[in-house]
Structures are given as C-alpha cells and as structure tokens.
Amino acid sequence: MNKILKGVIRYNKNITEKAKLVADIDKVTRQMVQPKSVFVSCMDCRVLPSKFLSSKIGEIYFLRNAGNMVPHFDAYKSGKISSEGGGLELGCITNKIRNVVVCGHSDCKAAQALFEIRHNCDHQHFLLDSPLRTWVALHGSRTVEKFSKIYSEENQLNDSYHLKEPLHFTVNLTGQDVDAIIDPDNQFNIQDKFSQLHCLEQASHVKTYPMLHSYLSSGELHIHALWFDVYTGNVYMFSVSQKKFILVDDNSFDILMQDVGESPPSF
C-alpha cells in the first residue's frame, strides 16, 4: 500500500495534472467525448491497453479479468453470473458502443493454467482448491474443445505439437465462419498459440448474448480480436481477409480498416 498511497499523494500535489484529469472527466460526463469501444483484456500487470492504444479518458470501456474471458451466454443462463455480460450491456446497449474488442497476450498465466488442465477441464474439480482454475475451466472449456479437435490425444500426451503446424480452426466473429490460421510463421511457442486461439474463441462468445443479436445482424456492432506480445510490445489484430493475426502497423492499416468495413481516412 506504500506505493499506492504515495502515488495518490503525488497525484494530489500535481495540481495541473489533477485539474486536467477532472476537466477530461467532465467532458465525458457532459457527453462531449463518446466512448467508441468496449475492450476486454487480461488483468496481467504487464498488459496496459491504454498505453498501446494511446487512448484518452472517455474513449474506451475497459473490462479486465484473468484470461480475457467473455463467458458464453449459456453459462449466464445456467446461473453462473459474472460481470462481463453486465459490462457488455453497459457499453453496447446503455452507451450504444458499436465495437467490442477482445485482447489476449503472450505468456498469459491464466491461459497457461487452462492449457495445463486441458486433459481435465471440469471446473467442479477445482472449486475447493483453486478459484483461478475453476474460472478458466468454466469459461475456457470451449477453447480446450477447439484445441483438442486440432491435436490428437497422442499429440497432446506426447507434447508433439510441432508435428502439426500451424493451427487451423474455424472462428465466427462476423456472422460467417472463417478458417483461422494460428501463427503460420511459427513465431510463438505452443502456449502462446493456444492463447491466440483462446482470444478468438472468447471473442466469438460476444455474439452469444441475445441483447446484441439485432445489432450484430444489422451490421451495427462489430467484434474484433487483438493480441499483445509482452516481449516485443507488438500488437496484432485478427484479419478476416488474411485469416490470421497480423502486426498492426502502417503497412497493415488499410487492410484492417477494410476488414472492419471502414474506409481508411485521408491524412
């Protein structure tokens, strides 16, 4: 708490910055600044979306949890309530936000916990011992199912994942199935490939919420997937046209804008 309390004291002493913060918040309160995205990411302390998005106050609704989970609506229906559905409603319905982004990352400890229990992904086994494993098993089971369809039991038991590269699986973020290719250049280890697959699977859960169906079918609401590499600081976005995560930079900007149905601006 020493670090936190001293941080607040430094904040209070910086009168100029504090006044600017209050002014920026006031712009949001008076609806002079409108949020444009709901951004779901992992709570990992190395992942600071506002930094790599260069975002300002009021531009993005952030939802953070262990493993960038978007619980499937089936879990909600069965009584396993969590805050993510409420966050989607607050953002997309109450505030009429029309972009939902799910962001995974490399070296994700929550995704690795899910990877480690992939042979026994029943959340009830971990209820008494591990809230984290209970959480990832409950809401990450579909990731494990997809992964198991890609690799045979023999591959998994022998950890001979290199025998089948890259990973191919079907994902649906836009209303149409896409044959996603995970890490075609084989840059990442199997846990990070798993993390990318998991990111796409969780993003696909957004469309399971009935309150969003009309906005999705009309094309008003869009779902996207980003992936952050904690080792290089690089940010990747899943491109529907390229069928893979591609590095976000000047070279890929036009492709990604076309993928999301927006015309690149004239600079």
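1. Lys20 and Asp24 sit four residues apart in helix H2 (residues 15–29), so about one helical turn separates them; helices here are DSSP runs of H or I with at least four residues, strands are E runs of at least two, and both are numbered from the N terminus. Their side chains meet in a salt bridge, 3.0 Å from N to O (a side-chain nitrogen of Lys or Arg within 4 Å of a carboxyl oxygen of Asp or Glu). Lys20 is partly exposed at 47% relative accessibility (buried is under 20%, exposed over 50%, partly exposed in between, with a 1.4 Å probe and protein chains only).

2. Before going on: this is a predicted model, where local features need pLDDT of at least 70 and side-chain atom pairs count only at pLDDT 80 or more, while totals for chains, interfaces and linings use all residues. Residues are numbered from 1 along each chain as its sequence is written, and side-chain values use heavy atoms, leaving out hydrogens and water.

3. Another pair to look at is Lys77 and Asp74, with closest N and O atoms 3.5 Å apart in a salt bridge. These two are three residues apart in helix H4 (residues 73–77), so again about one helical turn lies between them. Lys77 is exposed at 57%, whereas Asp74 is partly exposed at 36%.

4. Arg46 and Asp107 also form a salt bridge, at 2.7 Å between the closest N and O atoms. Arg46 is in the loop between strand S1 (37–42) and helix H3 (49–52), and Asp107 is in the loop between strand S3 (99–105) and helix H6 (109–116), so the pair ties together parts 61 residues apart in sequence. Arg46 is partly exposed at 34%, but Asp107 is buried at 12%. The whole structure has eleven salt bridges.

5. What about Ile181? This residue lies in strand S5 (residues 178–182). Its C-alpha is 5.7 Å from that of Leu167, 14 residues away in sequence. Beyond neighbours within four places in sequence, Ile181 contacts Pro166, Leu167, His168, Lys243 and Lys244 (heavy atoms within 4.5 Å).

6. Leu5 is in helix H1 (residues 2–13) and is partly exposed at 49%. Together with Met1, Ile4, Val8 and Tyr11, Leu5 makes a nonpolar surface patch of about 510 Å² (patch residues have over 30% relative accessible area and no salt bridge, with like charges joined within 9 Å and nonpolar side chains, Val, Leu, Ile, Met, Phe, Trp or Tyr, within 5 Å; areas are Shrake-Rupley with a 1.4 Å probe, and for residues only the protein chains shown count as cover).
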